[in-house]
Structure formats: structure tokens, C-alpha cells
Amino acid sequence: MKALSHTRQALSRRQFLTAAGGITFVITASSLVPRSLFGESPDQPVSGEDKSINAWVHISPDGKITIYNPAAEMGQGSMTALPVLVAEEMDADWSMVQIEYSPIEPSVYGAGGRRGGGRMMTVGSWAVSGYFDNLRHAGAQVRYVLLANAAEKWEVPVESLTTEPGVVVHEASGKRMTYGEIASFARIPDEIPEIPMEKMKSPDRFRLIGKVMPRYDIPAKTDGSAQFAMDVVLPDMVYGVIARAPVNGARPELLNEQDLRKMPGVVDVVLLEYGVGIVTESIETAFSAQNKIQINWTGSPKAEGHNSEADLETYPGLLDRREGRFNRIAENGDAEDGLNTAARTYTFDYRNDYVYHAQMEPLNAVVALSPDGQSADVWAGTQAPDGARSAAARALGLDRSRVNFHPCYLGGGFGRRSMSDYVEEAAILAKAVKKPLKLIWTREDDVQYGAFRPMSLQRMQAGVDQSGNLTAWKHQIVGTGGGLLASGAENPYYTIPNLRIEVLNVDHGVRTKHWRAVGHGPNKYAIEAFIDEIALGEGRDPYAFRRELMKNSPRALKVLDKVAKMSDWDARPREGRARGMAFAERSGSLAGGVCEISVDRESGQIRVHHFWVAIDGGTIVQPDNARAQTEGCIVMGLSSVLTERITFVDGKVQQSNFNDYEILRIADAPESIEVEFIPSTEDPAGLGEAGLPVVGGAVANAFRALTGKRLLHMPFTPDRVLEVLNG
Amino acid sequence: MKITFKLNGKTVQVEAPSDASLLWTLRERLELTGTKFGCGAALCGACTVHLDGIPTRACITPLSMVSRRSVTTIEGLSEDQSHPLQKAWVEAQVPQCGYCQSGQIMQAAALLENTKNPSREQIVAYMNGVICRCGTYTRIIKAIEMAAKER
């Protein structure tokens, strides 16, 4: 099964509607008055300016069902999971379903509640949870319309009808009619009632939700036909590359414009505020011209003074002197008093370096301005199609309604593709040359002009009473990256009577950005490593100690108990190995993780042999994909915990490609990753990131158990491990 | 320059600048875009193709080097996704974002050509040059084992 949008020959959505016939469900959200698209110009309602339209399903007379997917597909699988929600409630035959990207119209296709209309961004693991009510309800309304039409045709009460996948059935007479047959004559009634919750399917009747089924996008990802923006090739297309400021904020003074212009194959040289663009006839020329650009960088940008290793070491002093504006993000009881009156106290500083997204498809976009310059086509893989379209429109000087946006598969997103800088750049260059243009970031561009997960330091302080109960907790975060720093610092699943969490933002002038699980990576590492520290200090088993903290959180306890059982926590691992445990919540999901490691004491290499993860993610819509996401979280998490590290010297990123920014390879992946989900009928939570935050803590705790030594600085590179072992 | 070579079993002739690389010729001039650009420096393996049967990083291979030789890309691995690895890739639901998977499959295909029943250690050693950021490694190993069994 292949969607039209998989291939370059994809019809535009408008063409598709014109060609396909059948019915599209266009339901106005305000009054729930539906209109049929059948026989009408498809131009007007679906992608126009009408703000009150909701259109998710098209049924052709031949029985084919098209479901419109509003989310970016970057590997997380929601392109399948979201249509499953619609198909489940409409009782569609999944083998007849094809999936198309929805138009970019947030008021119609945005997430949020039953009516939707919120943001159209694929971030924060929100796709399934954000669309759960909305899409199930839309599916239930489609089913209602099909039933009503069959009832009218057969002149029987609608209550006497039921559905099987793709078929309406009248049991009393044995009559059956397929959805396609109904589509050939169906009228959409004037009013489609809101379907009450109790009329929606109960979980025991789910045919698709919670069942292991293949992802829709996977076949096209085994033969090279899946289309990424990088793969768009247009007639007469030219290529753009940009030399960007090596220090964020520096301004370019181009020294050799005439020489560049004289190079064979160079079409244009375009000056930007933060760089110099070159447009060429071939990619090879673009790359060689990029290397020949001579720029004098001017200005005194803030980032110029940034030396990350040295600056990180100023953070403890900022805390000691309480210098700067602290942003309190949680307060409970009196943490200071709690620490002062504690029987014993613990204090540790945990550090982490910047990390880079390293999505496998370097940033790129294709922009083609129409010959009259009054409209444009844009191809991009983006987590924020609405923002990307607006950015392109602004750069082109067009109204966004004049920009025809073609969402493509994303070769990884991880937060980087929620920015629209690369789309804007492509538009600027395309406008300059008035030719179809593909903008490509080289890997070096992608690394050096990255937007990174912030460097930070976490100062953890805790107090316990005479019996070893945790009574006071103070968590201070210092770093560069503002709001990114606080994510995951709170843990409402541990009961601690006196608690304070505060953040101190230090602006180094560099670019930071959400990176899979955001601050949860560094924060949960610090919290969970520190919890083990306290437990061991009090002579307690880390598992038992956590259980006690979770005494008021039955859901968390269940997750922890599950992973303890999966990993056989009480059993002794074999000689030379040890285990570590961690717990974290992310996007509403709870995760318990245990890993088993060994350490090569010669090289300092940590080897993670096994990882066990238990997750309560509410209703699991796509179990095998949820498992795959968790496996991916563990591997990507390990990569960030063991090797990944961006450093700045005088504001310049020191790394450039996978030789000096190494990411985890297959030889270093765990031999096994076991994942189990807690059975649940609660609404779904997010699963794209849930497994990642436990990794740092679990590895650090296993290392502590194995060696008695502490890993206080992520990533745990071999040189740092050796230093700790020999220190 | 004009270069003639065998591409997925058919002889092709391509006109390209003298500095043309195999990768960008495949992708932009011949529009076989299944072979991916990931690093441009033979570090990630996303551009892996077979050159006379040997897994080769197309990004650092000058087009002039393939003159009169035989290149196989992911598009030429099978007509209809029927290569045992492609079937196993679907069965094991390996890809996530999918961008590296052409390279993974081409590298794995070369492995199975030479080693009928590779051990886990052999698989890991052979596949180590191809990076997957989404972290599909455990499924890649499983799929290669499945495909080896089917063959």
C-alpha cells in the first residue's frame, strides 16, 4: 500500500479531490452543519480561508478511504496512529485506507480537544494525545452519516443497523452495504449530532487501537521511494548553500564577491544578515564555491566570549554567590529550613554539555516561485508546517495563502525541525534568482550552525531525618537556554515535604533549542543519580527507597515494580556487571528503566548490555510502534549520555561532522532492549520521548553500583570515566 | 564530461561537470533519490551503493571512477520490494524516519552476498559504518537475521 504523497508524482490535494469523486466529510465545527463536497468545486472549503471546517475523511465509490493526517511524520509513526483513531470509530476496513497529508490549516486541522483547531505542530510527543478525542469523534460522526444513509435507503430505523469493518449490516434482513456503495449515493444530512462518549467504542471493542499492525510509511522506506524534501528535483532547479556566521550574531563582510561571481556555474551571490548565500547550477559547484567564500566577520556578538568548558565552571560560583535572577519553578513547604534541620544532608553538582540534534537528513528545503512571482510552491520536512509556510511567505513577500506548501517526510526532527530558518533561507535565495531552488545545509553547516540542547549544571541538595526519610530537596539549575532548562525538573510522583526548584538562566548568546525530551534528559539524570546517592548514603536499596518516595503515587509504583520485575532487580548480575535504575515522567507517560553495564577499565568505555523499560503511557494506540519509539529513545539517549558533546571556543562550535561529533553506532547499542507497557484504558500520553530521560540516571547509577564511583558530568566519555576511576 | 556505466543493470550515459560525484549524479541528474546524503565524508553510510558488488560510499566517489563499472542502488535491489532484506525490514518494522535505511539495506545486502549466515558479531562489525539516529539498531540486527534465514 502506497500513499499518493509517497512519490514525486503525487497529485496535489486539490487535484485529488477533483479526480476522486465520492464524498468528503466537511463538518463545520461551530454548528456541526455538514456540507458535501461531492460535485462542488473542491477549491473552496477545504484549504481556503473558511475557519470553521473540519474535514478528515474522503470515501470513494470504489471503497477507498482517504484519511487526512495533520501531523509531521519524522519516524515517530503518528502518520499511522492518527488515521487509526479515525478508522477505529468509523469502523473502516484498514486495508482500504490510504493516508494523505492534510492541508496546512490549523483552525481546521490543529490539535486540541474534541473540536481541534489548536496548533499544528508536531512537538512534545503530543500528536496522539492531542488528537485522540478530536479524531475519534470525527470517525464516529462519519460512521453516523454512513448508517443514516443506509437506513434511509433500506427504509429501516438507524438503530437496527450495525457496522463491520467497511460494511453497514442490517442483521434482521441480512442486508449488507459497503461504505463505498454508500458513498456513491450518500447525502450528508443537515445535522450530524455530536456523538456522546458513551456511544463511542469501548476499549474492549477496539479493532485497531492497541493492535499490532504495520506502519503505513514503512514499505516506501525500504526501496528508496519515500520522499524527503531533499529528494525533490524540479526542472531547471538551481542549488543554494550558505556560509553562516561561525559565531552566532556576527555580521559578514564579503571580501571576494567578484571572484565568486566569476566561478563557472555560479548563478548568484546573495548577502544575508548572518551569512552569504551562493546559488549555483550544480551541487558540487555549490560546495566548492562555499569553501572559497572569504568573509570578514564583524560586530561583537555576545557569543564571541563564550568558552563552554570554562563557562560551565563559573556556574557553581554563581550559585554560591546567588548571583543573577533565579526563577522559582516549584516550592513546597520550606526547603531551606528543611535542609537546616535535617539529620544528614547531601549535596552534589551534576553537569552536562551541549548536544546536537544530528537528524540524519541535513536541513534543506525547495522553493519554486511562479513565473509571475505571485505564488510559490514550497517543499520541506518540518515539525511546524504553518510556521514554515509563514516564514517562506514573509521572505517571498507573499500572503501565506499564495504559498502552496508540500509537507515531506522528515529525515529526523527531534526538535530541530520545529524551527523554520532553513525554509526561510531557501525562500530568500529562490526570490533572488527567480528559479526553482534547493537549499542544502552540509553536515558541517548543520553541526556548526546548530541549535543545541543547553549546557547546564544542576546543584542538588537534600536532607533526611534520623530514620533516613527524605525531608528536604533543593534543585538549582544553571544554564543557557531559558525555558528549556526547567523541563523535567519537577517530579510530582515523589512525595517530598519541603522542596524548592529554581532556575538561573545565563545568556551566552548561542543558539539553543528543544532536543528530544528537552530538559528532561539532563534534569532526570541529576535527580535520579542523586536519589541513588541518598539511598546508598542511608544504606537503602535504590529500588526500595524510590518505592517509599512513591507511596502516594500508585501509578508510578506500578511502573517501578514492573521494571524491577522485568529486570529481576534483586538477582545479582554476573561478575563484572552492575545494574542501575531510574524513573521519569515525560509528556504524561511514566517510565521506569533499568540497565546492566560493564566498564572496560583500560579504555574507560562503558558498555550497556541490557535495558529494561516499563512505561505507563495510557492507552497504547500502536503497541509495536510504541515499542520502537522506546527502543529509539534508549539508543538516542545512550548516545547523548555516553558520547555526544558540543563545545564552544570563543563562540565557535568545535565540532563539524560525525568524526568529531560521534553518535552511537550499532556496535555500541545494547544487546537487548525490553519494553513493556502497563495495560491501561486511560487516554493516551506521549511516547516519542518517554524512554529517553531514564537513560542518564540508570547508567550513572549502574556505574556507581559497579565501581563505587560517581559520574557527575554527561556525557560519560571514556576520558571522563578513566578520570573518575583513577581519581 | 560524459560517463558511461551500468546502473541497476542498465547502461547509462551521463553528462556531468568534471567534479561531479556519484552521489549527486545519482540523486540530481538521474533522479534516483533513494541514495541519501548524510555527511558528505563517508562517515555515516547513508549513501551506500554497490560498486561492482562492493558496498561503497557514493558521497566520496567521483563520478569518473565508476566509468564502465556497475553500480547498484536501493532502487535496483529488487523491482518490487521483494529482496529478502526488504521483506524482513517490513516484517521487523525497522525504519523510523527512514532516511538512513537505504544505506542500511545496501550495506546488509552486501553482507548477505558474502556471508550466508552471519553471526550477530559479524552483523554488528559489518554494519557499524552506517549510522541510524532514530536508534533502530536492534531491529536492523533482527531483520538481517530473518533475511539470512529466508535465503
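**Ground rules.** I number residues from 1 along each chain as its sequence is written, with chains lettered from A and ligands numbered from 1 in the order in which they are written. In this predicted model local features need pLDDT of at least 70, side-chain atom pairs count only at pLDDT 80 or more, and totals for chains, interfaces and linings use all residues, while side-chain values use heavy atoms, with hydrogens and water left out.

**Domains of chain A.** I looked up the domain assignment (bounds from an automatic or database assignment). For chain A it gives domain 1 (4-218), domain 2 (230-301 + 363-440) and domain 3 (314-355 + 452-726). I then took domain 2 and domain 3 of chain A, whose C-alpha centres lie 38 Å apart. Nine residues of domain 2 and twelve residues of domain 3 take part in the contact (heavy atoms within 4.5 Å). The area buried between these two domains of chain A is about 790 Å², with 58% from carbon and sulfur atoms. Buried area here is the accessible area (1.4 Å probe) that two parts lose on being put together, summed over both.

I found one salt bridge between domain 2 and domain 3 of chain A (a side-chain nitrogen of Lys or Arg within 4 Å of a carboxyl oxygen of Asp or Glu). A:D421 and A:R511 form a salt bridge, with the closest N and O atoms 3.3 Å apart.

**Chain B against chain A.** How many residues of chain B are in contact with chain A? I noted 50 residues of chain B, in contact with 69 residues of chain A. The two chains bury about 4,600 Å² between them, 56% of it on carbon and sulfur atoms. B:Q96, B:R133 and B:Y137 supply 18% of the area that chain B buries against chain A, more than any other three residues.

The rule finds seven salt bridges across this interface of chain B and chain A. I also looked at B:R29 and A:E284, whose side chains meet in a salt bridge at 2.8 Å, N to O.

**B:Q86.** Leaving aside residues up to four places away in sequence, B:Q86 touches A:T222, A:D223, B:I74, B:L77, B:S78 and B:Q81. A polar atom of the B:Q86 side chain lies 3.5 Å from the backbone nitrogen of B:S82.

How values were computed
A polar contact is a pair of N or O atoms within 3.5 Å; within protein, one must be able to donate a hydrogen and the other to accept it, and residues adjacent in sequence count only if both atoms are side-chain atoms.
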